Amino acid sequence: MDKKKAGVSLVCHGHSRPVVDLSYSPVTPDGFFLISASKDSTPMLRNGESGDWIGTFQGHKGAVWSCCLDTHALCAASASADFTAKLWDALTGDELHSFEHKHIVRACAFSEDTHLLLTGGYEKVLRVFDLNRTDAPPREVDNSPGSVRTVAWLHSDQTILSSCTDVGGVRLWDMRSDKIVRTLETKSPVTSAEVSHDGCYITTADGCTVKFWDSNHFGLVKSYDMPCTVESASLEPKLGNKFIAGGEDMWIRIFDFHSGEEIGCNKGHHGPVHCVRFSPGGESYASGSEDGTIRIWQTSPLSQNETLSPSDNGTSLANGPIEDRKGVSDEVIQKIEGFDLSEEGKTEENES
């Protein structure tokens, strides 16, 4: 393989156990934000551009498997092994509601209009909670063929997609009938399913394959074999001309969408990569790993001396106020005691 230049990354410390899910907010008047889920039971919120730690959500008593932010980045949600999904105020860090389940919750997603929260997990049941009536019983769809691994909304919240931990394929559910209207067939269980920024594509990762599906007609558009087992993939949101994938070999690889050619690869993690996501503008992407770190990579790599590494001291605000978001990228370093911009946070440049 030709020698490729490896990028440098912002290294975000704070989690004490593997990072298993990442989710960006859309761009808001105050910028965009990144939330992370970890087996250490504490979701964390960061500035999506700089990686600066904003706050930690305290309250779960088990591993957190999934997390998300609503359209306006005002609320956060998390799904946990403690049999709950929690709704949080993303400005203060306060827990707004805890939705009880009967088993481990593996996935959660806000609807586009932010009024609904979708969850799924080991019960093989999809639940839709009305966030305007949090005490009301959820709407349930209980004929999933296996334990739910991923969930997402599409078609202006008229369709739900889900994948299973132990069964291949992605199932598409019509919200009007609560029935499966189509299954996107895969050989292996789908570990990552992402709806593209424009709603045109569904990106899936299963085994050693990344696939792209037409989200309107559900046909297979592209299918590419990967050099290793990949756990997550993400399509660049603005131009749609490249995608990233990460998995068991600890590398984050960049591919051309049209040809499938590998056009870059970045190494820095010291354990398998569990999740990768592009930022909403496509100028950077984030990866979360078994090593407990998050790395934010520039889509067009910066030089080593242009890149800083934010890190925090691993402590949380314990439900105290999350920093005011206006100017957070400039002020958070001064406001959070113990925040450290040190050489330790920098990554070395690696070659393939």
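Colleague: Which residues does Ser192 touch, not counting residues up to four places away in sequence?

Modeller: A contact means heavy atoms within 4.5 Å. By that criterion Ser192 touches Thr150, Thr203, Thr204, Ala205, Glu231, Ser232, Ala233 and Arg277. Please note that this is a predicted model, in which local features need pLDDT of at least 70 and side-chain atom pairs count only at pLDDT 80 or more, while totals for chains, interfaces and linings use all residues. Residues are numbered from 1 along each chain as its sequence is written, and side-chain values use heavy atoms, with hydrogens and water left out.

Colleague: Where is Ser192 placed, and is Ser192 buried or exposed?

Modeller: Helices (H or I, at least four residues) and strands (E, at least two) are DSSP runs, numbered from the N terminus. Ser192 belongs to strand β17, residues 179-195. Buried means under 20% relative accessible area, exposed over 50%, and partly exposed in between, with a 1.4 Å probe and protein chains only. Ser192 counts as buried because its relative accessibility is 2%.

Colleague: What joins the side chains of Ser192 and Arg277?

Modeller: A polar contact is a pair of N or O atoms within 3.5 Å; within protein, one must be able to donate a hydrogen and the other to accept it, and residues adjacent in sequence count only if both atoms are side-chain atoms. The side chains of Ser192 and Arg277 make such a contact at 3.4 Å.

Colleague: How should I read the confidence of the model, and what is the average pLDDT of the chain?

Modeller: The pLDDT is the predictor's confidence in each residue, from 0 to 100. The chain averages 87, and 83% of the residues score at least 70. Over residues 301-352, however, the pLDDT is below 50; this stretch has 126 contacts in the model beyond near neighbours in sequence.

Colleague: Let us turn to sheets. In what order do the strands of the sheet with β1 and β27 lie?

Modeller: Two strands pair if DSSP finds at least two bridges between them. Here four strands form an open sheet in the order β1-β27-β26-β25, with antiparallel pairing. Its edge strands, each pairing on one side only, are β1 and β25 (273-278). Axes are lines fitted to C-alpha atoms, for helices over the stretch in contact, and angles run from 0 to 180 degrees between N-to-C directions. With direction ignored, neighbouring strands of this sheet are turned by 20° against each other on average.

Colleague: How many bridges join β1 to β27?

Modeller: Four bridges join β1 to the antiparallel strand β27, residues 294-298. Within this pairing, Val11 has Arg295 as its bridge partner in β27.

Colleague: Which way do the residues of β1 point?

Modeller: In a regular strand the side chains alternate between the two faces of the sheet. In strand β1 (residues 9-12), Ser9 and Val11 point one way, Leu10 and Cys12 point the other way, and all are buried.

Colleague: Which strands form the open sheet that includes β10?

Modeller: That sheet has four strands in the order β10-β11-β12-β13, and the pairing is antiparallel. Its edge strands are β10 (105-110) and β13 (139-141). Five bridges join β11 (residues 116-121) to β12 (residues 126-130), and Leu118 has Val128 as its bridge partner in β12.

Colleague: Which phi value does Thr114 have?

Modeller: Most residues other than glycine have a negative phi, and most peptide bonds are trans. Thr114 has a positive phi of about 70° although it is not a glycine. Thr114 lies in the loop between β10 and β11 and is buried, at 17% relative accessible area. His155 also has a positive phi, of about 55°. His155 is in the loop between β14 (148-154) and β15 (159-164) and is partly exposed, at 28%.

Colleague: Finally, how many disulfides does a search of the whole structure find?

Modeller: A disulfide is a pair of cysteine sulfur atoms within 2.5 Å. The search finds zero. The closest cysteine sulfur to that of Cys108 is in Cys68, at 3.9 Å, which is too far for a bond. Cys108 counts as buried, at 5% relative accessibility.
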